[in-house]
Amino acid sequence: FVPWQAVGYSLMPNNKDEDGLVVLVFNRKEADIRSQQQQLVESLHKILGGNQTLTVNVEGVKTMPDDQTEVIIYVVERSPNGTSRRVPATTLYAHFEQANIKSSLQQLGVSLSMARTELSPAQVKQLLQNPPAGVDPIIWEQAKVDNPDPDKLIPVPMVGFKELLRRLKVQDQMTKQHQTRLDIISEDISELQKNQTTTMAKIAQYKRKLMALSHRTLQVLIKQEIQRKSGYAIQADEEQLRVQLDTIQCELNAPTQFKGRLNELMSQIRMQNHFGAVRAEERYYIDADLLREIKQHLKQQQEGLSHLISIIKDDLEDIKLIEHGLNESIPIRGGVFS
């Protein structure tokens, strides 16, 4: 009976031996490992002899199929002169492979340990030249030819459906982790977009507030300048500025300029309000600052009209007084010449 054979590909590690990374596979769930991580570190420190110059550190924790968990650790050794270094991965792995140490690790639930170090070109060449035990050399040669990225991937034999199922579970687990990470990134992007929208709204609000404060500041400066110049004759530059302001005022009052557009906007608003009354389900809103500016403009127009009406009334009274004086002087003149 020849077992089912196939070849997959795994990513070659790129960690140096001096990084000191060693993988420990526990027959325990990730939640249990994380909740008891400090106790686990203390237990590993005791297994290493409890030397005070050694410190066990956890590099990462990752869930694996069949309720297993992969824990990556490294050990830092401090020298008496104050310097420190990581214990090489091969040295730490060799220590864990000792019979008594390995037995202690198994009591903690460790089922597998390995040093995470990159393979040298000689090791890669030797691995590729010699097919693993139980693998057909033809399949192994074809696997080397079909390798999609020989610089990063290395062929891994899969003998039997049990090994295929294990690899499938590992890939499914990694897919779930990637999807979880993508979901986290998507939530972060949504939160950033929401913050950006809020920030843009605040910037627009602050711009409007800045403009309002600028107008108020300008009004104060105008009043101060009026008081300072009170009693003085108009100077040449002031007269020139008055002419320029009159020109600008005429341009603003032109039918095709801002006031005409403002009247057109008001007409559209009235039409929208009329349609809103007909169709109660529709609502139209105006920005508060824009509405305040419209009211201020209409108030100024109303004050201008009121002032104009007052002038016309005064002129009418003057005309009536003149007419009354003329009517009274006519008989007198007639009596003189009669």
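Modeller: Let us begin with L92, which lies in helix 3; helices are DSSP runs of H or I with at least four residues, strands are runs of E with at least two, and both are numbered from the N terminus. This is a predicted model, in which local features need pLDDT of at least 70 and side-chain atom pairs count only at pLDDT 80 or more, while totals for chains, interfaces and linings use all residues. Residues are numbered from 1 along each chain as its sequence is written, and side-chain values use heavy atoms, with hydrogens and water left out.

Biologist: Why is L92 called buried?

Modeller: Buried means under 20% relative accessible area, exposed over 50%, and partly exposed in between, with a 1.4 Å probe and protein chains only. L92 has a relative accessible area of 4%, so L92 is buried.

Biologist: What makes the pair K169 and D66 a salt bridge?

Modeller: The term requires a side-chain nitrogen of Lys or Arg within 4 Å of a carboxyl oxygen of Asp or Glu. For K169 and D66 the closest N and O atoms are 3.0 Å apart, and the pair forms a salt bridge. K169 lies in helix 7 and D66 in the loop between strand 3 and strand 4, so the pair ties together parts 103 residues apart in sequence.

Biologist: Why does D66 count as exposed, and why is K169 called partly exposed?

Modeller: D66 has 54% relative accessibility and therefore counts as exposed. K169, with a relative accessible area of 32%, is therefore partly exposed.
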